[in-house]
Each structure stands twice: as structure tokens, then as C-alpha cells.
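Here is a friendly briefing to read alongside the model. Please keep the sequence and the 3D view open as you go through the topics.

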2 protein chains.
Amino acid sequence: MKRILVLGAGLSSSSLIKYLLDHSKEFDWKVAIGDYSLEMAEKKAQNHPNSQAFECDVYDDRQRSFEISKSEIVISMLPARMHYLVAEDCVKLGVNMVTASYVSKEIKALNEEAKKKGVLLLNEIGVDPGIDHMSAMQVIDRVREQGGEIINFESSTGGLVAPEYDNNPWNYKFTWNPRSVILAGQGGAKFLHNGRYKYIPYHKLFNRTEVIDILGFGRFEAYPNRDSLQYKEIYGLEDIHTMFRGTIRRVGYSEAWDVFVQLGLTDDSYIVEDSEKLSYRLFINSFLPFDKNAAAEKKTAQLLGLAEDSEIMNKLRWTGIFSDEVIGIKEATPAQVLQKLLQSKWKLGDDDKDMILMHHIFDYKMNNQTKHLTSTMVVIGNDKLHTAMSITVGIPVAIVTKLILNGDINLTGVQLPIIKEIYDPVLSELEAYGIKFIENETELT
Amino acid sequence: MKRILVLGAGLSSSSLIKYLLDHSKEFDWKVAIGDYSLEMAEKKAQNHPNSQAFECDVYDDRQRSFEISKSEIVISMLPARMHYLVAEDCVKLGVNMVTASYVSKEIKALNEEAKKKGVLLLNEIGVDPGIDHMSAMQVIDRVREQGGEIINFESSTGGLVAPEYDNNPWNYKFTWNPRSVILAGQGGAKFLHNGRYKYIPYHKLFNRTEVIDILGFGRFEAYPNRDSLQYKEIYGLEDIHTMFRGTIRRVGYSEAWDVFVQLGLTDDSYIVEDSEKLSYRLFINSFLPFDKNAAAEKKTAQLLGLAEDSEIMNKLRWTGIFSDEVIGIKEATPAQVLQKLLQSKWKLGDDDKDMILMHHIFDYKMNNQTKHLTSTMVVIGNDKLHTAMSITVGIPVAIVTKLILNGDINLTGVQLPIIKEIYDPVLSELEAYGIKFIENETELT
């Protein structure tokens with residue numbers, strides 16, 4: 001039996017583990033699931049005869065290297081900062097490793113050593129990063145093979161609530177780590193637009209959205225996502241004119257979220273005095289000018305140049321940020337207070353389903369014509385455990401793990417899924433899980 | 001002879017060293033001046049018979065402790081991050097130390113050890129921090145002694161160009177470290193207003209100014225300066241309603257500077273691609289939306305909601321930010337590009353004089369009356385070497401050094417100049433240097 005070690009059994013691992021267990025008899029796999037919480041590991045193992053659940057502290061050096069040494073391959077679904085510990089052991093012990101996270105500098109530095117040992121450290125094979133890389137590179141390589149030249153590339157992804165369950169004024173619910181949503185964008189963004197570098201500071205990010213129309217799903221907006229410039233090199237598009245990556249929300253989300261950013265409510269760098277005893281109303285007042293004749297709502301509207309009965313103000317009022325409810329958490333940063341407020345409001349209901357959208361735009365020149373190609377993926381979750389997020393993150397990881405174990409992928413060193421050898425078989429199998437792209441091409445005149 | 005060791009012989013040390021040399025015969029002092037640049041040290045020593053100039057690398061442990069061990073007292077005018085090295089040796093070797101910088105956590109932690117050794121580490125005795133603490137505490141203690149209770153305290157300071165030499169549309173020139181001016185405020189600000197904590201994020205700071213009228217000098221504005229809240233405890237004003245510290249500029253500066261902040265031009269966290277080859281015009285364009293039919297000026301005005309012929313736009317045009325001049329510095333951050341541009345425009349001319357303004361407002365209750373007291377200091381520089389900044393930073397340091405050497409101050413441990421024993425004699429002698437406060441009191445009805 002081949003032993004697969006899965007480290008981390010959180011929500012993002014549920015579809016991944018299900019795939020591995022479902023295929024475990026066919027391929028004679030033993031799926032060992034380690035988590036800090038034994039209960040979590042056991043829940044995901046579901047007493048499957050080919051599973052083994054155990055309590056695992058990744059900072060315990062002896063346990064970690066012992067478990068890795070017994071395994072054929074390791075899948076790390078741990079928080080990103082912990083991957084390095086696992087990767088280092090994997091290289092030392094000659095065990096392949098797969099993660100869905102952005103490759104870190106530390107892991108990149110293991111490339112030579114991993115190659116020497118014949119070890120593969122495959123990263124960024126979840127959804128974003130992951131499916132975005134694979135689906136984009138498949139189109140880019142195809143256009144190139146046909147003699148075309150990509151001139152513009154825009155790619156946006158978003159985790160949202162499925163339309164049927166979309167019943168709040170923000171058209172948004174948390175389908176992933178709430179803290180990441182609250183802090184999103186804080187480093188600002190960089191991209192390339194018509195041959196010019198563009199730099200957007202955090203406090204202008206939610207003001208610089210682009211509208212996306214997705215057939216059958218309506219209108220969305222995308223705000224710039226981190227550093228798009230590095231993908232020129234990664235995708236081999238050095239001469240491209242526009243290179244933009246974005247985060248998708250429903251139209252109207254960003255301009256309302258921007259109010260929180262403008263006021264400073266997303267700051268995570270200091271503690272709010274007396275946060276425990278304050279009401280949300282007093283909290284937001286701390287960010288507003290003093291005016292004894294104006295209520296917090298009025299001051300907010302005035303400071304941001306909004307009408308008091310505007311749609312943005314309605315969204316804000318709905319969150320309860322102007323309510324007299326007491327925050328009740330000690331020594332909280334503004335971002336933590338905001339997260340506490342929104343966690344109850346933007347909670348995905350027990351019967352709600354989530355949705356992942358991915359939308360690529362390619363403009364390319366071929367045979368003296370300029371073509372405009374869009375490629376769109378929409379995935380709706382199955383249930384509370386097998387969410388669209390969990391499926392799109394976990395299934396690519398699971399498929400590629402199978403391909404590596406079966407000897408269909410024979411790479412070594414630190415890799416991303418931007419090579420045909422990886423993306424072709426993975427994307428092909430993903431279609432069986434409803435993860436597929438619809439293309440639409442027009443000619444630009 | 002008593003040996004005084006001055007570490008750091010930059011502009012801020014010139015008036016300090018002059019005072020020490022001027023008084024060196026009277027008190028039998030040897031003034032040893034160490035700097036990384038021997039030339040700088042020698043220039044400040046001016047071949048005075050009681051001086052000694054030497055090349056000094058503060059990171060050379062042997063040299064540093066040797067020089068300190070030979071001295072009666074050490075004045076560190078080094079960059080703030082280097083004080084700790086000096087302070088540690090001073091405690092070890094039993095030598096007193098004076099700095100004009102904010103006391104760091106690391107230095108605070110030396111308090112017990114310093115007391116045990118009978119060593120005084122006196123910090124924050126320049127102008128801001130320094131004269132602000134002393135002049136405020138003198139009034140606060142006086143009001144308390146008379147049975148009054150301070151209810152509001154606002155204190156603002158600014159380094160500006162003297163009115164006679166104030167000849168550009170920003171009414172501002174660099175009179176101090178330009179980099180600090182470019183990065184000013186990036187941590188945001190906190191203060192107390194009418195009993196409520198107020199938190200202002202960086203991108204709203206230059207929008208939240210207060211106007212100050214200074215008799216004979218006209219109107220100024222102050223934007224919030226860092227964390228004012230900590231001064232409640234330091235000044236013993238736990239029950240105060242308003243506690244605000246600000247940075248003074250001429251009216252109109254902040255709203256124009258805010259354009260740079262809003263666009264992201266003050267960001268110091270990443271490198272601008274091809275910064276060397278870009279013109280300032282292309283640089284600012286990197287922060288503006290793409291619009292092939294609009295010039296950079298028009299896009300700036302539109303993005304900020306300004307008229308193209310507004311006073312703010314005039315200020316921006318005057319800096320040359322829209323010019324085709326090439327930046328010419330490699331791998332520069334946006335903040336470094338902006339500094340390069342402004343360093344030539346905001347340069348203090350050879351015959352220009354600078355000016356330091358300090359303005360306190362105290363509201364206090366006494367005998368059932370509420371009084372409004374303002375206390376204002378204006379200092380104009382003498383010349384290019386003895387600027388108002390150099391005088392107001394250096395002379396308090398020099399005076400307190402004399403008081404310590406003469407045995408008039410007998411404190412130990414980590415101290416600030418908020419005690420009568422320090423501020424009374426220092427403020428009294430400062431008057432001889434034209435550093436004095438004019439008070440004006442009215443009754444609030």
C-alpha cells in the first residue's frame with residue numbers, strides 16, 4: 001500500500017480527502033490524516049478502512065519527520081507559514097510534496113537540493129493559485145502553438161455565495177477565511193495596463209474596479225489583486241501590454257467596502273482602547289470627526305461625500321456598525337472588531353451554497369487579426385462540507401497527487417502547474433467534477 | 001578637565017557643540033566630537049583648543065566603550081536606532097547620557113539597571129520632543145499648584161521657512177531630514193477629543209487639520225501627530241477630555257500634500273519599475289487610471305475631484321511632478337522619487353532662515369471659571385549652520401548637560417524632562433537664546 005500523508009484537515013481538505021478515500025481501494029492507498037485536532041482528522045477520515053487519523057503537531061520535529069519518512073507523498077494543507085518545515089523534511093527524506101499555497105522564497109530556495117534528491121515540491125495547485133495558472137497556460141500555449149501572440153491578459157477570481165442564496169445587500173458571504181477577506185489588499189496592487197505599469201495604494205484599491213459580465217450570472221466587478229507584474233515572467237509573456245489579476249465581487253460591494261477602508265476600520269496594526277466595552281456605534285465614531293450636532297450616520301455620509309439614503313449607506317447600516325450592540329472582545333484591533341461584526345452577518349447559512357467564479361480575458365494577434373477570447377468557470381458548492389471552495393482547492397491537489405503516485409508526472413525540484421505535463425491531465429479530469437471553462441471568442445475591429 | 005563626548009556631528013549638533021565650546025573654558029570642559037566623517041567632526045570642532053575631533057564608528061564595540069569610559073557624560077546625536085548601543089555601554093561603565101530622541105522600548109528597559117548603577121539616561125530633551133514637554137509641564141504644574149484642573153490640551157510644533165524667505169506656493173522648505181517629511185504620518189494618528197478616542201488612518205491625516213492663529217505670524221494648520229494618547233499618562237492628565245498633538249504647516253499645505261498621499265506617491269515599500277529611465281510625468285501616470293484622451297494633469301484633477309486651475313493643482317504643477325525631466329535614480333521607491341523631486345524645489349537657500357513654531361492650548365477650570373490659555377514660541381534661525389532647528393534641538397541638550405555636570409540635577413534611571421528639577425532651569429536659561437513662550441489667557445464663557 002502507498003501511504004499518502006495529508007497534513008491539515010480543515011474545511012479546505014474535505015473534498016481532497018474524500019477524493020483520496022474514494023480512490024484508495026482502486027489504487028491501493030493508505031490515507032493518513034494528521035491535524036492539530038484529532039476530532040477534525042477523524043471527522044474527515046470517516047472511519048474509512050483505508051484511512052488513519054492522528055493528532056499531529058507540525059512543530060514536533062520528531063513526529064513530523066517520522067510521519068513523513070513513512071509516506072510516499074505528503075500533501076500540506078496547513079497554514080502557509082508552516083509549509084517550509086514540511087518541505088525541508090521532504091527534501092531530506094526524499095518524499096514528494098504538494099501544496100495549494102503560493103510558493104514562498106524559503107521553499108523556492110530548496111529547488112537545487114530537491115532536484116539533487118529527485119524530489120518534487122509542487123505548489124500553487126489549488127484554485128487561486130492553481131486552476132487559474134493551469135487554465136490560463138493551456139490557452140496561452142495553444143495560442144502560441146497556432147502562431148498567435150498574446151497582447152492582453154486579465155484574470156479574475158472570486159469566492160461568493162451562489163445566486164439562489166444571495167440574500168443580503170452586499171451580495172456577499174464569507175466562504176473562506178474571514179480574516180483574509182477583512183485584510184485583503186493591504187499591500188496595494190501593481191499591474192500593467194496598455195504598456196504602462198500601474199501602482200494602486202490600498203486606500204484606492206476598491207475605487208479602481210473593472211466590470212465583468214458573465215453570461216447567465218450577470219454583472220460583477222473585480223478589484224486589482226496584489227502584484228500582477230510577476231506573472232509576465234512566470235507565464236512567459238514578457239512583451240504583453242496588459243497584465244491584470246483581480247478579485248471578483250458583486251457590483252456595488254467594493255464601493256461600500258471602501259467606506260471601511262477610508263475610515264480606517266480595517267487597520268490591524270494597533271489596539272482599540274477599551275474595545276471590550278465599546279458599542280459598534282462608539283467604535284465607528286472613533287474614526288469620525290467630532291460634531292455634537294450630527295449622528296454617526298450623518299458624519300460618515302458627510303466624510304465620504306455620500307447621500308444618507310444612498311445604497312452604500314444602506315449596506316453599512318445593515319451590518320450593524322451603527323448599532324449599540326457591545327463588541328465584547330478584549331484588546332482588539334479595528335480589523336478584529338470589524339471581523340467580529342461581519343462574521344455573524346456574512347455567515348454562510350447551513351443550507352447555503354457557495355460559488356467560485358473565474359474569468360480570463362485574452363486578446364491575441366493571429367494572421368493579422370486581433371481576437372478577444374474569454375474563458376469562464378463557474379462552480380457551485382454541493383453542501384456545507386463540500387463547498388465550491390473546498391472542491392476547487394482540493395480536487396486539483398488530489399488529482400495531481402494521483403498522477404505523481406502513478407508515475408504520470410516525473411518532475412523534480414520546486415514547480416508550479418504551468419507545464420503541459422501537469423495542466424493537461426489535471427484540467428481534463430477536473431471536467432468530471434464540473435470544473436470546466438466555457439470559451440467565447442470574438443474578433444476585435 | 002571634564003570630558004564631554006558628543007557622538008554625531010550633523011547639522012543638529014552645530015548649536016549644541018558651539019554652546020559646549022563657548023562654555024568650555026569657564027567650566028573646564030574637554031569636548032570630544034566623534035563622527036563617522038572626520039571632516040564633519042573637525043568642522044564642528046573648529047580647532048577650538050578644548051575640542052577633540054575624531055573618526056568614530058559606533059558599531060565598533062571596542063572604540064565605543066573605550067571613548068565612553070574616558071568621559072564624564074555622553075551626548076548621543078546619532079540616528080535614533082543607534083542610541084541603544086551607547087546607552088548600554090553608559091550603564092555598564094557608569095556614565096550619564098543625554099539624547100534629543102524619543103525614548104525607545106529598549107532604552108526604557110535599562111531603567112532598573114541604570115538606577116542600580118546611579119546612571120542617568122535623559123531622553124527627549126530637544127525641541128519636539130523636548131521643549132514641548134518642558135513648556136507644557138511648566139504650565140500644567142503651575143495650574144495644578146494654583147488648584148486648577150486641566151481639561152483640554154493641544155500642542156503643535158512645526159519646522160518651517162521664516163516668513164521673509166517664504167517664497168514658494170507651498171509656503172514650505174525642507175529645514176530637517178527630507179525623508180522624514182516625505183514619510184511623515186505613515187502610522188496614522190490617535191488622539192482624544194471631548195472624551196472620545198479618535199483614530200485617523202494615514203490616508204485621512206492631511207484631511208483632518210485644525211487651524212491655528214498665531215499673532216503676528218498669521219494662520220497655520222496642524223495635522224495630527226502620531227500617538228497623542230500616551231501623553232495622558234506621561235503628563236499625569238488621566239482625566240483630560242482632549243489631548244491632541246499636531247504638526248504645523250502653513251494653511252493649504254496639507255490639502256496639496258494629500259494629493260501625493262492619495263495617489264500613493266509617498267509609498268516606501270516597493271521599487272518602481274525602471275525608475276531610472278522614467279520622467280516624473282510617466283511616474284505620476286503610473287498612479288493614474290488609463291485614459292488616452294486625458295493628460296496626467298486632467299486625470300489627477302478628476303481622480304481627486306479638483307478643478308484643473310485650483311490652487312492645489314498649481315502647487316502640484318510647481319513641483320515639476322508633471323515635467324518630462326528624467327528621475328535618474330535606480331531602483332527607487334515612490335517615496336524616494338518624490339524626495340528627489342522635492343529636494344531641489346524645497347531646498348532652503350543659502351541665505352534663507354528657518355523658523356520653529358510651537359503652540360500650546362490649555363483649557364482649565366479654576367474657581368468655577370474656565371480659562372483658555374495659549375502659549376506660543378517662535379524661533380527664527382541665525383544662519384545656515386545655526387538654524388532654528390539646530391538651536392532649539394541643541395541648546396536644551398547643552399544646558400541640561402551643563403546642569404548635570406555641575407551637580408544641579410541628581411536624577412538616575414531613564415528620565416524625560418517633565419520634572420521641575422529639569423525644566424525650570426533649562427527653560428529659564430533658554431530665554432537668553434530667544435527661546436521663550438508668550439502666554440495669552442482669556443475666559444471661556
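H8(A) and H18(A) are roughly perpendicular to each other, a class that takes in angles of 65 to 115 degrees, whereas under 35 counts as roughly parallel, over 145 as roughly antiparallel and the rest as oblique. The model is predicted, so local features need pLDDT of at least 70 and side-chain atom pairs count only at pLDDT 80 or more, while totals for chains, interfaces and linings use all residues; side-chain values use heavy atoms, with hydrogens and water left out. Residues are numbered from 1 along each chain as its sequence is written, and chains are lettered from A and ligands numbered from 1 in the order in which they are written.

**Helix pair H8 and H18 of chain A**

- Helix H8 covers residues 131-145 and helix H18 residues 420-430 of chain A, and the two pack at an angle of about 115° with their axes 9 Å apart.
- Helices (H or I, at least four residues) and strands (E, at least two) are DSSP runs, numbered from the N terminus; axes are lines fitted to C-alpha atoms, for helices over the stretch in contact, and angles run from 0 to 180 degrees between N-to-C directions.
- The crossing of H8(A) and H18(A) is left-handed, meaning that the near helix is turned anticlockwise from the far one by less than a right angle, with clockwise giving right-handed.
- On the H8(A) side the contact (heavy atoms within 4.5 Å) involves A:Ile131, A:Met134, A:Ser135, A:Met137, A:Gln138, A:Asp141 and A:Glu145. H18(A) contributes A:Lys420, A:Tyr423, A:Asp424, A:Val426, A:Leu427 and A:Leu430.
- By type, the residues of this contact between H8(A) and H18(A) are seven nonpolar, two polar and four charged; Ala, Val, Leu, Ile, Met, Phe, Trp, Tyr, Cys and Pro count as nonpolar, Asp, Glu, Lys and Arg as charged, and the others, Gly among them, as polar.

**Helix pair H14 and H15 of chain A**

- The axes of H14 (residues 296-304) and H15 (residues 311-319) of chain A come within 11 Å and cross at roughly 140°, which makes H14(A) oblique to H15(A).
- This crossing of H14(A) and H15(A) is right-handed.
- A:Glu297, A:Thr300 and A:Ala301 of H14(A) make the contact with A:Met313, A:Leu316 and A:Arg317 of H15(A).
- Three nonpolar, one polar and two charged residues make up the contact of H14(A) with H15(A).

**Chain A as a whole**

- Chain A has 18 helices and 16 strands.
- Its radius of gyration is 23 Å, close to the 22 Å that the globule rule gives for 445 residues, so chain A is as compact as a globular protein of that length. The radius is taken over C-alpha atoms, and the rule is 2.2 Å times the number of residues to the power 0.38.
- Along the principal axes, the C-alpha atoms of chain A fill a box of roughly 75 × 60 × 40 Å.
- Of the 445 residues of chain A, 58% count as buried (under 20% relative accessible area, with exposed over 50% and partly exposed in between, for a 1.4 Å probe and protein chains only).
- Among contacts in chain A between residues at least 6 apart in sequence, 69% join residues at least 24 apart.

**Helix H12 of chain B**

- H12 (residues 253-263) of chain B is mostly covered, with 10 of its 11 residues buried.
- B:Ala256 lies in this helix, H12 of chain B, and is buried, with a relative accessible area of 0%.
- Not counting residues up to four places away in sequence, B:Ala256 touches B:Trp170, B:Ile312, B:Lys315 and B:Leu316.
- After H12(B) comes B:Gly264, whose phi is positive, near 100°.
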